[in-house]
Amino acid sequence: MEDRKFQFYVVAIPDEFTILVNGGRNYNESIYESNLQYIEEPIKVGDSLSVVIPGTEIFDPKTKSSLGFYDYVKESLEVTKIHWDFFECAKITKTPNGVLGSLSPMFGSSENKLAELKVNNKDLIDTDSFDFSEKISIGDPVRFNY
């Protein structure tokens, strides 16, 4: 597996609820100066992102062209605050809406479950290199979920 370069990565972990990622207002301004055409800031509060373990490159079996990478997501987070040279991220969980939400899924959020698919096991992607128990660490790559 080739060593991929990620633009964003974890630079610090202040507590068990927050990580800091390189970027921030300075990054947003440098993008604006080099491309005066963007409509909204590249990094903004509420953006969804993932801390990942770089994975396998996926190829179209017919055209043989690359379709991108299948990365293992350690954690899905949200941008909560933007500083000059970094931004803060946290995991935002949805809770049921009051008493009615906890009594009936009709009035609150519900949890989705995955159902097993009938797939050919010989076609499974090799994930032996992934450490699924690995915790978020400084230097971990981060990608935005667009």
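**Salt bridges, barrel and core of a predicted chain**

The structure is a predicted model, in which local features need pLDDT of at least 70 and side-chain atom pairs count only at pLDDT 80 or more, while totals for chains, interfaces and linings use all residues. Residues are numbered from 1 along each chain as its sequence is written, and side-chain values use heavy atoms, with hydrogens and water left out.

The overall layout is considered next. The chain holds 2 helices and 6 strands; helices (H or I, at least four residues) and strands (E, at least two) are DSSP runs, numbered from the N terminus. Read from the N terminus, the order of elements is β-β-α-β-β-β-α-β. Of the 146 residues, 25% count as buried, where buried means under 20% relative accessible area, exposed means over 50%, and partly exposed lies in between (1.4 Å probe, protein chains only). The chain exposes about 11000 Å², and carbon and sulfur atoms supply 54% of that area; accessible areas come from the Shrake-Rupley method with a 1.4 Å probe, and for residues only the protein chains shown count as cover. Among contacts between residues at least 6 apart in sequence, 62% join residues at least 24 apart, a contact being defined by heavy atoms within 4.5 Å.

The strands are arranged in a closed barrel of 6, in the order β1-β2-β5-β4-β3-β6, with antiparallel pairing. Two strands are taken to pair if DSSP finds at least two bridges between them. From one strand to the next, the twist averages 50°, given axes that are lines fitted to C-alpha atoms (for helices over the stretch in contact) and angles that run from 0 to 180 degrees between N-to-C directions.

Strand β4 can be followed on both of its sides. Strand β3 (residues 48-59) pairs with β4 (residues 66-82) in the antiparallel sense over 10 bridges. Within this pairing, V51 has E75 as its bridge partner in β4, and F59 has S66. The two strands form a hairpin with 6 residues between them, and in the turn K64 has a positive phi of about 65°. Strand β5 (residues 86-90) runs antiparallel to β4 and is joined to it by 4 bridges. Here V79 stands opposite C89 in β5, and 3 residues separate β4 from β5 in the hairpin that they form.

The side chains of D71 and R4 meet in one of them, at 2.7 Å from N to O. Because D71 lies in β4 and R4 in the segment before β1 (8-15), this pair ties together parts that are 67 residues apart in sequence. D71 counts as buried at 7% relative accessibility, and R4 counts as buried at 17%. D71 also forms a salt bridge with R143, at 3.1 Å from N to O. R143, at 28% relative accessibility, counts as partly exposed. A further salt bridge joins the side chains of D140 and K74, at 2.6 Å from N to O. D140 belongs to the loop between α2 (98-103) and β6, whereas K74 is in β4, 66 residues apart. Both D140 and K74 are buried. Through shared partners, salt bridges join R4, D71 and R143 into one network.

The nonpolar residues complete the picture. In soluble globular proteins, nonpolar side chains tend to be buried together. The largest nonpolar core in this chain has 15 residues, and those with the most contacts inside it are F8, I43, L49, V79, F87 and C89; a nonpolar core is a set of buried Ala, Val, Leu, Ile, Met, Phe, Trp, Tyr and Cys residues joined through side-chain atoms within 4.5 Å. Two or more residues of this core come from each of β1, β2 (18-22), β3, β4, β5 and β6. The largest share, 3 residues, is supplied by β4. Apart from its neighbours within four places in sequence, F8 is in contact with V21, N22, G23, Y27, I43, F87, D140, P141, V142 and F144.

Notes: A salt bridge is a side-chain nitrogen of Lys or Arg within 4 Å of a carboxyl oxygen of Asp or Glu.
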